[in-house]
Structure formats: C-alpha cells, structure tokens
Amino acid sequence: MVRITRKFLSLTAACCLIASALVYVGSYSGMTMDRIAGWGIGLHIGIFVLLIPLYAVEYPAMNNRTFWKGFARGMPKWVFGGIQVLALFFAVHFVLFLVQSHGAAPEIKDGQYVLNNHGNIVKRLTQSEYDELKGAELRLFATGWIAFYAPLAAYWWFPRRQRTTNN
C-alpha cells in the first residue's frame with residue numbers, strides 16, 4: 001500500500017511538473033498568468049497538497065539530520081544535483097523578473113500599460129513591453145512550480161533506504 005501511495009504521489013507531481021514545463025514554454029508564445037489563472041491556482045495548491053505528506057513522513061524521520069540530507073536519502077546524486085540546478089533556474093528567473101519589472105507588476109490601468117508598485121506607477125509601457133513582462137511573470141511562476149514539483153516527484157519516486165542499527 002505504501003509503495004502504491006508513493007508512486008501515485010510521484011506520478012501526480014510528475015504530471016504537474018510536465019504541466020509547469022508546458023506553461024513555461026507557452027509563456028514564450030503569448031500565454032499569461034491572467035489567461036491560465038485557474039490552472040495556476042491549481043498548480044499552486046498542488047504543491048502544498050504534495051508537501052504535506054512529505055513533511056509528515058520526513059520530519060519525524062530526521063533524527064538530528066538536516067532536512068536536505070534526509071530528503072536526498074535514497075536518491076541518485078545526479079537527481080539531487082538536478083534539483084539544485086532547477087532551484088538555481090528559478091532564482092535566475094526571479095532576479096531577471098525583478099530587474100525587468102523594477103519590482104513592480106505589469107498592469108493595465110485606465111487603459112494604459114504600466115508597471116504598478118502598490119498604487120504607484122513606476123513606468124508607462126508599450127504594448128510589446130507589457131506583453132513581454134506578462135510572459136516573464138508567467139515564466140517566473142512556471143519556474144517556481146518546476147522547482148517545487150521536480151523534488152516532490154523525485155522524493156516520492158525513489159524509495160527511502162532504511163537505516164539499520166546494531167544494538
């Protein structure tokens with residue numbers, strides 16, 4: 001039963017990972033967060049749905065280990081290295097979006113394309129600048145989803161090796 005549950009959680013995370021990758025690719029062809037809002041909310045919620053059992057299983061088994069050592073137990077080194085690369089991929093997109101957007105959100109306000117920072121208009125945009133920033137905004141979310149779903153899929157896919165203790 002445990003094995004079936006682990007595979008189900010892993011395949012669920014893998015499907016969400018694939019969906020996130022498709023959203024990432026789609027962000028280069030006009031897809032925006034506004035257009036996929038329901039799916040985006042679903043991908044956000046899915047992360048927490050899959051994190052809760054991970055936390056429930058891994059936290060009690062930590063035994064004075066760091067979370068990441070316990071997390072990586074049973075995984076090939078290349079998988080954990082790939083997860084780290086994806087986390088870096090997300091961090092790069094985060095920084096790029098902050099630089100591009102000046103820390104503000106692209107919006108349409110009073111019929112104009114603007115960068116809005118809590119009610120302060122930071123910059124007026126052309127439609128092409130607005131479209132590019134909306135794509136970058138979605139890429140930021142998609143890379144975040146990828147960075148979360150990949151480790152979740154890997155965690156549930158690879159069996160945990162049990163420690164044996166000699167008494």
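## One helical turn in H5

Lys-134 and Glu-137 sit three residues apart in helix H5, so about one helical turn separates them. Helices here are DSSP runs of H or I with at least four residues, numbered from the N terminus. The two residues form a salt bridge, with their closest N and O atoms 2.9 Å apart. A salt bridge means a side-chain nitrogen of Lys or Arg within 4 Å of a carboxyl oxygen of Asp or Glu. Both Lys-134 and Glu-137 are buried; buried stands for under 20% relative accessible area, exposed for over 50%, and partly exposed for what lies in between (1.4 Å probe, protein chains only).

Before we go on, a word on the model: it is predicted, with local features needing pLDDT of at least 70 and side-chain atom pairs counting only at pLDDT 80 or more, while totals for chains, interfaces and linings use all residues. Residues are numbered from 1 along each chain as its sequence is written, and side-chain values use heavy atoms, leaving out hydrogens and water.

## The other salt bridges

Side chains of opposite charge can pair when their charged atoms come close. The structure holds three salt bridges. Lys-134 takes part in another one, with Asp-34, at 3.2 Å between the closest N and O atoms. Because Lys-134 belongs to helix H5 and Asp-34 to the loop between H1 and H2, this pair ties together parts 100 residues apart in sequence. Lys-134 has 5% relative accessibility, whereas Asp-34 is exposed at 52%.

Arg-139 is buried at 5%, and Glu-132 is partly exposed at 39%.

## Inside the fold

The largest nonpolar core has 28 residues, and Phe-71, Met-75, Trp-145 and Tyr-149 have the most contacts inside it. Such a core is a set of buried Ala, Val, Leu, Ile, Met, Phe, Trp, Tyr and Cys residues joined through side-chain atoms within 4.5 Å. Helices H1 (2–26), H2 (37–58), H3 (67–72), H4 and H5 (127–157) each supply at least two residues of this core. H5 gives the most, with ten residues. Apart from this core lies another, of five residues, including Ala-104 and Leu-115.

## Ser-101 in H4

Where does Ser-101 lie? Ser-101 is in helix H4, and it counts as buried at 0% relative accessibility. Its side chain reaches the backbone oxygen of Phe-97 at 2.7 Å.

Key:
Polar contact = N/O pair within 3.5 Å; in protein donor to acceptor, adjacent residues only side chain to side chain.
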